[in-house]
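Welcome! Keep the sequence and the 3D view open side by side, and try each exercise yourself before you read its solution.

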Amino acid sequence: MRELNWATLGCGVIANELEQALERNGRKLYAVANRTHAKGVAFAERYGIGKVYDTIDDVFADPDVDVIYISTPHNTHIGFLRKALAAGKHVLCEKSITLNSDELEEAITLAEANHVLLAEAMTLYHMPLYRELDRIIASGELGAVKLIQMNFGSYKEYDMANRFFNRDLAGGAMLDIGVYALSCMRWFMSSKPDRIVSQVKAAPTGVDEQAGILLTNPDGQMATITLSLHAKQPKRGTIVFENGYVEIFDYPRGERATIYGTSGKPVRTVEAGETANALAYEVADMERAIATHEAGERGDIPKAQAAAEIEGLMHLGYTRDVMSMMTEIRRDQWHMTYPEEE
Ligand SMILES: NC(=O)c1ccc[n+]([C@@H]2O[C@H](COP(=O)([O-])OP(=O)(O)OC[C@H]3O[C@@H](n4cnc5c(N)ncnc54)[C@H](OP(=O)(O)O)[C@@H]3O)[C@@H](O)[C@H]2O)c1
């Protein structure tokens, strides 16, 4: 597999984590694009990265860039996706990948038209723990999934300088943390929920601060989700089966789960992967997916086989389901819209 040149578009908290993940594997970002040029330069100097673009648009024009990692606020994603995909770059875009399903469908169409790969950087899809739990579920020992309970709550100050409560930076609990709860739920459900009810409490800025969501899919599997952005909750997921339940700790980058029997007593603990390697797993899966995509494009393997393998690595189908649920809940049920949607 050829080594790919990654460029980051954005150099905030998560871009630092991506660079550190690459460095653990003896790699480096190839280039940095950032709105504030001086911060891009400081980021590149910190890590010894050779190239900083004068303007963001220069990254799209650089023929040596293979993959662009978009790590800016949610409402800026679609504008950068349009440019990156049209320029023929593969894109790994931070969660939430877009504001709503309309934007996501546009990006998917653009990726297909330009024969490049588009994926959301959803860490939990790449954690080895989830593949290990899938193996256990497939063995049949737990029986069918009945119920799912997902919590996620962070305590963020009401500080409008950052993106969490700022409506102009697509703040709110759903896009920032609800996306993790719904993605984890979708991983374990046999199909996408088609019945959803919810309640929401707004922050002083009007974005969603906390919410309770109930979901049921056509197979009768149910889920409850509680989100809060100004109150701490454990990031705990409970998957309830016919023959017991599984509790996953810190599920967005989970490395440990406990299986309980119907008596409520722990049966065993499952450990796989390491939280600290979350972004490294994500990068490795994206690179494998790009290699598979390129093999499909060259005709080395059938395109349908490539598509199935890529879906198994990057799960854009789940991203699509989650975005459609988030759009229905936030926009259609809560009537909570962003300036870009008005
Ligand atoms: N996967 C994860 O575990 C994880 C964790 C945290 C965040 N995220 C996601 O990653 C993204 C960024 O989050 P973060 O916490 O890293 O944010 P952050 O630290 O606030 O950094 C934001 C970056 O975006 C740039 N930016 C802000 N507004 C912009 C605009 N209007 N146009 C162009 N660039 C702009 C900033 O540039 P300046 O230097 O010019 O300010 C900065 O480089 C979000 O989508 C978030 O949900 C993911």
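**Exercise 1. Does Asn34 count as buried or exposed?**

Before starting, note that this is a predicted model.

Step 1. Look up the cut-off: a residue is called buried when its relative accessible area is under 20%.

Step 2. Compare the value. Asn34 has a relative accessibility of 13%, so it counts as buried.

Step 3. You will find Asn34 in the loop between S2 and helix H2 (37-47).

**Exercise 2. Describe what surrounds Asn34.**

Step 1. Leave out residues up to four places away in sequence, and Asn34 touches Gly10, Cys11, Lys39, Gly40 and Ile56.

Step 2. Now look at the polar atoms of the Asn34 side chain. One of them lies 3.3 Å from the backbone nitrogen of Cys11. The backbone oxygen of Thr36 is 3.1 Å from a polar atom of this side chain.

**Exercise 3. Which residues are closest to the ligand?**

Step 1. Start with the neighbourhood. The ligand is surrounded by 22 residues, and the closest are Asn34, Thr36, His74, Lys95 and Arg253.

Step 2. Arg253 uses its side chain, with a polar atom 2.8 Å from a ligand oxygen. Lys39 also uses its side chain, where an N or O atom is 3.5 Å from an oxygen atom of the ligand.

Step 3. Consider how much of the ligand is covered. Taken alone, the ligand exposes 920 Å², and the protein buries 82% of that.

**Exercise 4. In what order do the six strands of the open sheet lie?**

Step 1. Read across the sheet: the order is S3-S2-S1-S4-S5-S6, with parallel pairing.

Step 2. Find the edges. Strand S3 (51-52) and strand S6 (118-121) each pair on one side only, and these are the edge strands.

Step 3. Zoom in on one pair. S1 and S2 are joined by three bridges in the parallel sense. For Thr8, the bridge partner in S2 is Val32.

**Exercise 5. Work out which strands pair with S7, and in which sense.**

Step 1. Take strand S10 (residues 222-228). It runs parallel to S7, and seven bridges join the two. Gly153 has Ser228 as its bridge partner in S10.

Step 2. Take strand S12 (residues 236-241). This strand pairs with S7 in the antiparallel sense over five bridges. Here the bridge partner of Met150 is Gly237.

Step 3. Take strand S11 (residues 230-233). S11 and S7 run antiparallel and are joined by two bridges. In S11, Tyr155 has His230 as its bridge partner.

**Exercise 6. How many salt bridges does the model hold, and what do some of them link?**

Step 1. Recall the idea behind the count. Side chains of opposite charge can pair when their charged atoms come close. The cut-off used for a salt bridge is 4 Å between the nitrogen and the oxygen. The count comes to 23 salt bridges.

Step 2. Check one against the cut-off. Glu3 and Arg27 meet through their side chains at 3.6 Å, N to O, in a salt bridge.

Step 3. Compare the two partners. Glu3 is exposed, with a relative accessible area of 59%, whereas Arg27 is buried at 16%. Both belong to a network of salt bridges together with Glu287.

Step 4. In the salt bridge of Arg268 with Glu141, the closest N and O atoms are 3.0 Å apart. Arg268 lies in strand S15 (residues 266-271) and Glu141 in the loop between helix H6 (128-138) and strand S7 (145-155), so this pair ties together parts that are 127 residues apart in sequence. Arg268 is partly exposed at 33% relative accessibility, and Glu141 is partly exposed at 38%.

Step 5. Finish with Glu209 and Lys201, whose side chains meet in a salt bridge at 3.5 Å, N to O. Glu209 is buried, with a relative accessible area of 3%, while Lys201 is partly exposed at 40%.

Technical notes
Residues are numbered from 1 along each chain as its sequence is written. This is a predicted model: local features need pLDDT of at least 70, side-chain atom pairs count only at pLDDT 80 or more; totals for chains, interfaces and linings use all residues. Side-chain values use heavy atoms; hydrogens and water are left out. Buried means under 20% relative accessible area, exposed over 50%, partly exposed in between (1.4 Å probe, protein chains only). Helices (H or I, at least four residues) and strands (E, at least two) are DSSP runs, numbered from the N terminus. Two strands pair if DSSP finds at least two bridges between them. A residue is near a molecule or strand if one of its heavy atoms lies within 4 Å of it. A polar contact is a pair of N or O atoms within 3.5 Å; within protein, one must be able to donate a hydrogen and the other to accept it, and residues adjacent in sequence count only if both atoms are side-chain atoms. Accessible areas come from the Shrake-Rupley method with a 1.4 Å probe; for residues, only the protein chains shown count as cover. Contact means heavy atoms within 4.5 Å.
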